[in-house]
Amino acid sequence: MRVHFHGAAGEVTGSMHLVEAAGKRILLDCGLVQGSPEADARNFAPFPFDPADIDALILSHGHIDHVGRVPRLTLSGFNGPIYAQAATVDLLPIMLMDSASLQENDAERSNRKRKPGQPKALPLYTREDVRGALSQLRPLPYAARTELFPGIEVAFRDAGHILGSSIVELWADGRKLVFSGDLGMRNAPILRDPVQIAEADLLLLESTYGNRNHRERDETVRELGEIFDAAWREGGNVLIPAFAVGRTQELLYWFARHWNDWDMSRWRIFLDSPMASKVVQVYDRHHALFDTEAREVWRGTPNPFRLPNLRVTETAEESMAINRIHGGAIIIAGNGMASGGRILHHMRQCLPKRQTRMVFVGFQAEGTIGRRLVDGARWVRIHGHDVRVNAHRHTVGGLSAHADQHGLLDWYAGFTTPPPVALVHGEDLAREALAGEIHEAHGVQAVLARPGMQLEV
């Protein structure tokens, strides 16, 4: 068994790893590279392998940095099966259609500004391309060991990151590869804890937060309540960039849990996402994947997805109307790194106002506007306009859907014998710190995966 690293090897987005085993070529994830315009341009580059030679694609979960180039892969010649956990299969049409719509809109916007002689901008893929890719999906349940090809078997285990997120176990050539995908935090709301794996001959381990630990979740939730109180007193709006799957559901969960003590009924709450209602339906279909406490909250009053003052906005006109509200609104909009999507329109209006509260509840990749704001930028450029940042900024890392350093180390320590490990899905500072901790605790020298690197299992 041989592993080739092609994405999320020294960075957080663009997850993609190729496994050669038993005469077959299996791709793990096919994610979008996100961040700067230069990063976006990399998505148009040819794949570093012939997609027509790939026999199967396995997806760890539905976030766009793990699945966002799937239609591009099928357009380039891949026609094999695409395996994912059943809830992920339900989420993929929503995620990929939204991504295609954004690609089409970006291309249209660029062409309106195109100067004579400039080439016409094309989308990375279209909604029609997505429909073709979706026909290749094959859902699998958790825990079932399934033969993909003679001599190759796969099983998905709950990763506790988002609905349907999976740790991938792959057996071939008498060896076992484990790909962590993105691991969630233990004791996080809604989802169950990541499943512990006992054995592996090689582990591909995510390292997003390999150099830091999150605040205690209770402290973070208390901080959220304090932010809302301060914003209400100052008469401003609260902007929260959040991806439509995962963090958004957790925020609504906490709104319902603290409905009375946070006095949430006084707010106008907007979930500004054309995907939101569709994602809610997927969550409703997969209650069995929730933890016990979350199932009780969903049966209670108010239901997190049906708060009496929650408005889900789908059209562009509804979204623009929110900007006429100058105070008393909590606005949750994508995307989660403020590198695109509707959140940018709200930021352009609200960032110059001192009474605005900008709340970051997830990882902000290098090169994104979200990262620049977290790092203290006083000016950001949005849609070609320089925007002064006077808003209060809050980073509440305790809500992260990614395991922190302690969580990653605890999960790794659960193996019966610590396996060789290659660190992926992390920037170098995070990976180097995690590698040092693994070596000190277990005597294992972790490999920092690089694009083009190969490992034999």
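This is a predicted model: local features need pLDDT of at least 70, side-chain atom pairs count only at pLDDT 80 or more; totals for chains, interfaces and linings use all residues.
Strand 9 covers residues 166-172 and pairs with strand 8 in the antiparallel sense, over seven bridges. Strand 8 itself comprises residues 152-158, and five of its seven residues are buried, so that the strand is largely enclosed by the rest of the structure. Strand 8 is also joined to strand 7, residues 146-149, by three bridges, and these two strands likewise run antiparallel. Within this second pairing, F149 has I152 of strand 8 as its bridge partner. Strands 7 and 8 form a hairpin in which two residues lie between the strands, and G151, located in the turn, adopts a positive phi of about 90°.

Q103 belongs to helix 4, which extends over residues 86-112. The relative accessible area of Q103 is 16%, under the 20% limit that defines burial, and the residue is therefore classed as buried. When residues up to four places away in sequence are not counted, Q103 touches L32, F44, P123, L124 and Y125.

W267, by contrast in setting, is placed in the loop between helix 7 (247-257) and strand 13 (268-272). With a relative accessible area of 1%, W267 is buried. The contacts of W267, again with residues up to four places away in sequence left out, comprise F228, A231, W232, G236, V238, N309, G328, A329 and I330. Of these contacts, G328 illustrates the relation between sequence and space: W267 and G328 are 61 residues apart in sequence, while their C-alpha atoms are 5.5 Å apart.

At the level of the whole chain, the protein contains 14 helices and 22 strands. The radius of gyration of the chain is 22 Å, close to the 23 Å given by the globule rule for 457 residues, so the chain is as compact as a globular protein of that length. The C-alpha trace spans about 65 × 55 × 40 Å along its principal axes. Buried residues account for 58% of the 457 residues in the chain. With regard to contacts between residues at least 6 apart in sequence, 73% join residues that are at least 24 apart.

The surface and the charges complete the description. The protein chain exposes about 18300 Å², of which 48% is supplied by carbon and sulfur atoms. The chain carries 50 positive and 55 negative charges, and the mean positions of the two sets are 8 Å apart.

Methods. Residues are numbered from 1 along each chain as its sequence is written. Side-chain values use heavy atoms; hydrogens and water are left out. Helices (H or I, at least four residues) and strands (E, at least two) are DSSP runs, numbered from the N terminus. The radius of gyration is taken over C-alpha atoms; the globule rule is 2.2 Å times the number of residues to the power 0.38. Buried means under 20% relative accessible area, exposed over 50%, partly exposed in between (1.4 Å probe, protein chains only). Contact means heavy atoms within 4.5 Å. Accessible areas come from the Shrake-Rupley method with a 1.4 Å probe; for residues, only the protein chains shown count as cover. Lys and Arg count as positive and Asp and Glu as negative; His and the chain ends are not counted. The place of a charge is taken as NZ of Lys, CZ of Arg, CG of Asp or CD of Glu. Two strands pair if DSSP finds at least two bridges between them.
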